[in-house]
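Please keep the sequence and the model open beside the text.

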Amino acid sequence: MYLRQMDKLGNRKRDIQQSIYRHLKYSLGKSIEASTEKDIFYALSLTVRDHLIEAMNQTEKKFLKAPKRVYYLSIDYWLGRCLKKYLIQLGMVEECQKAFKEMDIDLEAVFEFETNAALGNGVSGRYTACFLDSLASLEIPSLSYGIFYEYGMFKQIIQHGYQVEKADNWRESTAPIYIKREDEACTVRLYGHVDHEFDVNGEYIPVWLGWKSVKGIPYDIPIMGYKGKIVNCLRLYSAASTPDFEMQILNIADYLTAVKHQIDVENISKILFPTGISDDYHELRLIQEYFLVACAINDIVSRYKKTHQDFSAFSDHIAIQLNDNQTALAVVEFMRVLLDEHHLTWEIAWQIVQKTISYTNHAITFESLEQWPVSIFEKILPRHMQLIYEMNHRFLQELSRQPSGDTNRIQRMSIFEEIPEKKIRMLHLAMIGSHSINGVSESHTDQLKRQIVPDFVKYWPDKFCNKTNGINHRFWIFNINSDLADLITKHIGRTWLLDLTKIRELEKYAENDAFRQAFQQVKQFCKKRLTNYIKTTLQKEIDPQTMFDVHAKPIHEHNRQLLKLMHIIHEYLCIIEDQKHPHIAKTFIFSGKASPGNWVAKQLIKLIHNISDIINNDHRANRFISVIFLSDFRLNVAEKIIPAADLSEQIALAGKETASTGNMKFALNGALTIGTPDGTNKEMLSEIGQENMYMFGLSAEELVKLQQTRAYKPIECYHKHLHIARILNTFRDDRFCPKEPGLFKWIYHYILDQGDVFYQLMDFQAYLKAYEKIEGDYQNQQLWNKKCILTISRMGRFSSDRTVQEYANQIWKIK
């Protein structure tokens with residue numbers, strides 16, 4: 001590698017300094033004397049970029065000889081900050097520190113100039129970033145595709161307790177490590193119509209005409225694996241107007257129209273648009289999804305054709321993995337390319353598509369199961385609409401040849417939803433066009449198979465499998481909690497960094513007093529670091545000796561921040577009205593963003609702040625409990641919160657968050673979990689042990705039965721339990737909004753009149769019982785530290801390396 005060559009040439013510290021000076025002078029046009037810390041940040045980034053490009057080129061050369069390669073498509077990636085991570089993986093941190101010390105520059109201050117690369121909405125994006133790291137660390141030949149968004153997930157600003165969204169132009173201060181590949185740009189077609197023509201033999205030839213074109217310009221971001229051995233590529237596409245269309249407009253002197261067209265085109269890659277209620281939003285989101293898959297399929301096919309004359313061996317050398325419903329259009333776009341551009345027969349083309357594509361489903365909530373109105377779809381993609389009709393016709397014919405006696409099965413399995421409006425079911429399209437379909441936790445896969453697509457499971461039982469999500473343990477310990485990583489490595493060696501199952505060797509130290517003390521010191525250091533951050537950002541003093549109880553998730557009703565707030569109110573009322581002081585002092589920490597259109601979630605953020613203001617300023621209670629909300633949750637905030645947590649709140653309603661990985665990140669950093677028996681919580685429980693987790697509440701199966709019988713009446717809980725009534729009455733009586741009467745009355749009615757759809761009252765008693773156990777255990781710090789160490793040592797199964805290896809072995813068939 002280039003770095004090793006640099007070592008042979010001389011002092012690496014000197015080489016780093018010289019490279020920085022060179023980039024300051026020739027890349028930025030600055031002298032060292034006139035440079036700012038931000039200039040140094042860019043120069044250091046360009047220095048790292050040199051090494052990355054060298055390694056990426058060597059990786060590409062190596063992978064050209066690989067018999068098979070996987071291509072991964074996802075609508076979003078949450079990469080976070082990259083510069084420091086690259087330096088760690090390149091083994092350059094120590095030399096950089098020495099070089100910068102001689103230059104009298106604070107390296108940590110330089111790192112702070114980098115913004116978070118939040119390429120999407122930050123939910124599935126966090127998982128995909130782990131996935132990419134594991135692909136590179138396991139040296140799996142791969143190339144990933146996405147969109148080069150100009151704006152990331154919004155910045156969350158808190159004003160008077162309310163969330164306010166601000167644009168996040170992450171590119172302004174990101175490390176300039178991406179490589180623009182203008183010469184590999186492609187053209188994407190939209191709109192138009194299909195002409196029905198016939199050749200001399202009478203064969204039908206559909207011709208897509210009258211379309212508008214958009215240019216997709218690729219930007220390559222290096223993805224470095226552990227120790228920098230392999231550098232894969234994340235190829236992101238930016239939308240631009242095509243010169244021919246611009247000239248057509250400019251030639252008729254309509255400059256304003258040209259400018260408007262350019263703005264409209266660039267909006268495609270401006271930001272990941274949520275599913276909106278207007279047709280304009282639907283159109284833009286659909287165009288965005290098609291833009292991604294059209295660019296990706298074009299690139300994949302182009303690469304294959306460089307070394308192959310025909311498509312007979314395509315699926316032997318290529319695997320395409322679709323990440324969730326937003327990439328399902330790859331099925332029909334790939335089919336279009338094979339039929340219209342390479343003139344394969346339908347039967348051969350369809351066989352290639354199904355053998356090549358596999359599909360991962362991540363979420364099964366109503367809003368995540370995308371359905372596109374046919375009226376919008378056929379306007380934007382007329383040829384694809386034609387192909388989907390044909391796919392569905394052939395699939396339903398195939399179904400009809402195997403009668404089941406169920407007259408409604410055909411409609412349930414059709415790609416089209418007919419009532420009340422004709423729509424395309426993207427989940428069905430993805431499944432029909434794939435040879436493998438997987439969920440991302442045992443509970444999620446089971447729910448998918450039993451509740452969402454049972455007909456498909458009966459028809460294709462061998463297509464379905466589970467691949468439980470994992471996390472990039474190198475980042476979530478080694479990068480963000482180096483003291484804990486050093487402690488682990490000191491006692492069991494470094495093998496755990498490549499094989500997390502080796503961390504099981506740590507279990508024998510759970511009874512070791514010296515190790516438990518060392519672990520507690522690491523945890524205390526992380527808590528002090530977080531308290532310093534809170535003091536700097538919020539001007540609030542927090543006692544690091546208190547138990548840090550953390551709920552850091554997207555603000556949403558199903559994540560049940562309200563349940564946690566009810567618990568906090570209960571503790572507060574016990575202190576000031578009952579004079580019952582808690583056994584341990586606690587700091588309750590919330591962080592997360594609400595979707596801009598989710599009124600309830602945004603009201604919950606306001607409630608958190610109002611409760612915080614009252615409790616933190618009440619001298620009767622603030623010695624025992626305090627409440628903090630850390631705004632703008634992003635990776636560099638998570639890096640401070642997660643290592644400092646004592647308790648991780650994973651209390652979403654069972655069945656609503658079946659594939660979380662946040663619980664894994666907290667557990668791997670030595671936080672204990674209080675959670676509902678669902679999703680990855682259940683899988684962690686089977687590994688960590690019931691004695692080391694605090695489970696409570698109804699299971700998904702129990703909830704289904706309860707919903708069917710309609711036996712749950714919130715008003716009965718209200719009258720039966722005085723402490724529950726007292727909590728709800730605070731919302732009715734404006735206890736936490738004395739200057740804003742009526743602000744939270746909706747919660748009282750939301751719970752009692754609208755049926756408590758997220759079962760907060762139903763699970764509250766069980767939550768209190770579990771929390772009593774937590775308080776008792778935390779008082780015995782030796783016992784608590786033992787549980788934390790056992791938790792860490794039993795997290796070996798939850799690495800994204802294991803997940804990716806299962807995909808490679810069982811789905812992609814790649815070594």
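Axes here are lines fitted to C-alpha atoms, for helices over the stretch in contact, and angles run from 0 to 180 degrees between N-to-C directions. The model is predicted, so local features need pLDDT of at least 70 and side-chain atom pairs count only at pLDDT 80 or more, while totals for chains, interfaces and linings use all residues. Residues are numbered from 1 along each chain as its sequence is written, and side-chain values use heavy atoms, with hydrogens and water left out.

**Helix pair**

- Helix H21 (residues 482-492) packs with helix H22 (residues 513-538) at an angle of about 160°, the axes being 9 Å apart; helices (H or I, at least four residues) and strands (E, at least two) are DSSP runs numbered from the N terminus.
- H21 and H22 are therefore roughly antiparallel, a term for angles over 145 degrees.
- The crossing in which H21 passes H22 is right-handed, meaning that the near helix is turned clockwise from the far one by less than a right angle.

**Second largest pocket**

- The second largest pocket has a volume of about 840 Å³, where a pocket is, on a 1 Å grid over the protein atoms alone, an open set of points with protein on both sides within 12 Å along at least five of seven lines.
- Of the 31 residues that line this pocket, with an atom within 4 Å of a point, Lys84, Glu108, Asn479, Ile480 and Arg529 are the closest to its centre.
- Among the elements that give two or more residues to the lining are H20, H21, H22 and helix H25 (635-644), and H21 supplies the largest share, five residues.

**Cavities**

- The structure holds seven cavities of 30 Å³ or more, a cavity being a set of grid points where a 1.4 Å probe fits but cannot get out.
- About 110 Å³ of space lies in the largest cavity, a volume being the space filled by probe spheres set on the points.
- The lining of the largest cavity includes Trp78, Arg126, Asp133 and Trp476, and helix H7 (124-137) gives the most to it, with four residues.

**His749**

- His749 lies in helix H31 (residues 745-752) and is partly exposed, with a relative accessible area of 37%, which falls between the limits of under 20% for buried and over 50% for exposed (1.4 Å probe, protein chains only).
- The C-alpha atoms of His749 and Ser173 are separated by 46 Å, and the two residues are 576 residues apart along the chain.

Technical notes: Parallel < 35°, antiparallel > 145°, perpendicular 65-115°, else oblique.
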